[in-house]
Amino acid sequence: MRVLLITRHMPARSIVPVDRGGGGNTFIEALLDLPRLRDDLQIDVVALHPEGEPIDAPPNVTVSYVRSRRLHRWLWTHREAKNPFAALFLLVATAYVLTREALRLSRARRYDLVYAVGGPIAGVAGIAIKRLRRLPLAMHFQYTYRFRRASLPVRLLARAFYAQADALIGNCAMLGTDAVAIGMRPERCHWVFNWIDQTAFRPLEPRAEYRARFGVAPDQTAFYFGGRFDYTKHVDRLIDALRDLDEPRAVFFFAGDGVLAPELRALAERAPNVRVLGTVARDDLPALHAAADLQFWNSVDVDYPGLVAIEAMSSGLPLYTSNQTMNPLYAGAPVEPWFLDAPRLARLFEPTRDGIRRAIAEAIANRDELNRLRPEVAAFAREHFGEANALQLIEILRGCARTTRERSTPSRARAT
């Protein structure tokens with residue numbers, strides 16, 4: 001199977017601040033490793049050139065880049081889509097340059113499937129290639145929208161957009177539920193959890209060496225937060241809870257970057273047990289996981305853990321986090337406990353100053369139990385966030401290509 005993958009996200013060889021790269025780039029990197037699992041799979045990628053030096057393409061993967069620093073700059077400036085005119089312009093402009101490059105590739109190569117990954121920009125480009133080249137289209141979203149609660153015109157537009165996909169894929173079931181609610185056919189909706197390289201993210205022993213490296217005293221409980229320093233990740237609430245907290249038995253590591261970084265660094269200047277590490281290279285994260293006793297307030301949605309949580313759980317870190325989703329479109333919605341095996345391997349708390357401080361106190365009191373759970377947490381992560389998810393995704397894509405081809409080919413009985 002030969003797949004034409006279209007995306008505006010692309011990992012770079014150099015370290016990109018997590019607030020500019022984030023989970024989208026990490027997921028694309030995982031996708032490029034899929035041919036290692038199935039040697040009959042070839043992926044040709046059309047993407048914006050990353051900010052930084054591009055990675056070397058793995059075997060059975062080719063990458064065609066569209067270079068535009070200006071687009072990168074504008075996409076970042078208007079990333080929150082608060083200006084609808086700028087958002088529409090960037091949607092059309094970016095989809096156009098990606099479509100143009102994809103058309104160039106598809107003139108010389110036969111594809112079984114167009115695979116649009118990331119969001120509306122990739123989706124619009126994928127629809128154009130589907131129509132112009134008569135290819136099946138799979139759309140894969142890393143974010144769950146809430147179109148069923150939107151106005152009627154927005155619902156109709158979203159339904160028309162989704163209807164162009166022969167397979168609509170989410171990283172959790174909630175995306176499909178929302179799509180079906182606005183009229184998408186259930187048999188075209190699929191979901192599969194993301195996965196990570198669990199040869200890289202695994203428990204490291206003995207941990208004393210790593211705790212010493214990060215300056216964690218033997219009697220301290222080390223809390224690890226990874227991700228964007230912004231409001232949607234509750235970092236403002238963490239800052240409020242840690243302000244004036246007198247607890248020498250705790251040390252808090254913040255790995256990442258974002259709009260709240262200056263406020264977080266100002267807190268660290270007054271509170272020596274708060275340590276802002278900046279963006280940490282993925283290769284260095286397992287050592288930080290080994291130094292920590294738990295991951296703290298890392299991102300969760302209603303029915304999905306963020307990639308940071310998946311990585312840390314694969315390293316054996318139990319999770320203490322919010323009992324409410326960090327997806328602002330579903331603000332206040334409760335987090336389902338099953339996908340984290342809460343309360344056994346994870347604990348959920350109210351996202352308030354008192355709730356966060358209660359989580360800190362409980363973690364300190366239960367540090368020995370948290371460390372005892374590490375092998376179970378890693379085993380749970382291997383089962384739920386490992387290569388089995390990648391294989392499931394390959395079968396979804398293969399089924400999309402096959403089913404669409406069968407629909408478009410007249411049966412022998414009808415042909416006669």
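How many bridges join strand S8 to S9, and do these strands run parallel or antiparallel?

Mentor: This is a predicted model, in which local features need pLDDT of at least 70 and side-chain atom pairs count only at pLDDT 80 or more, while totals for chains, interfaces and linings use all residues. Residues are numbered from 1 along each chain as its sequence is written, and side-chain values use heavy atoms, with hydrogens and water left out.

Eight bridges join S8 (residues 221-228) to S9, and the two strands run parallel. Strands are DSSP runs of E with at least two residues, helices are runs of H or I with at least four residues, and both are numbered from the N terminus; two strands pair if DSSP finds at least two bridges between them. Within this pairing, glycine 227 stands opposite glycine 256 in S9. Between the two strands the chain passes through helix H8 (residues 235-242), and this β-α-β crossover is right-handed: with the strands pointing away from the viewer, the path from the first strand over the helix to the second runs clockwise.

S9 itself covers residues 250-257, and seven of its eight residues are buried, that is, under 20% relative accessible area with a 1.4 Å probe and protein chains only (exposed is over 50%, partly exposed in between). S9 is also joined to strand S10 (residues 274-278) by four bridges, again in a parallel arrangement. Here phenylalanine 254 stands opposite valine 276 in S10. The chain crosses from S9 to S10 through helix H9 (residues 261-270), in a β-α-β crossover that is right-handed.

Phenylalanine 385 touches several residues, among them Phe193, Trp195, Ile310, Met313 and Phe380, not counting residues up to four places away in sequence; contact means heavy atoms within 4.5 Å.
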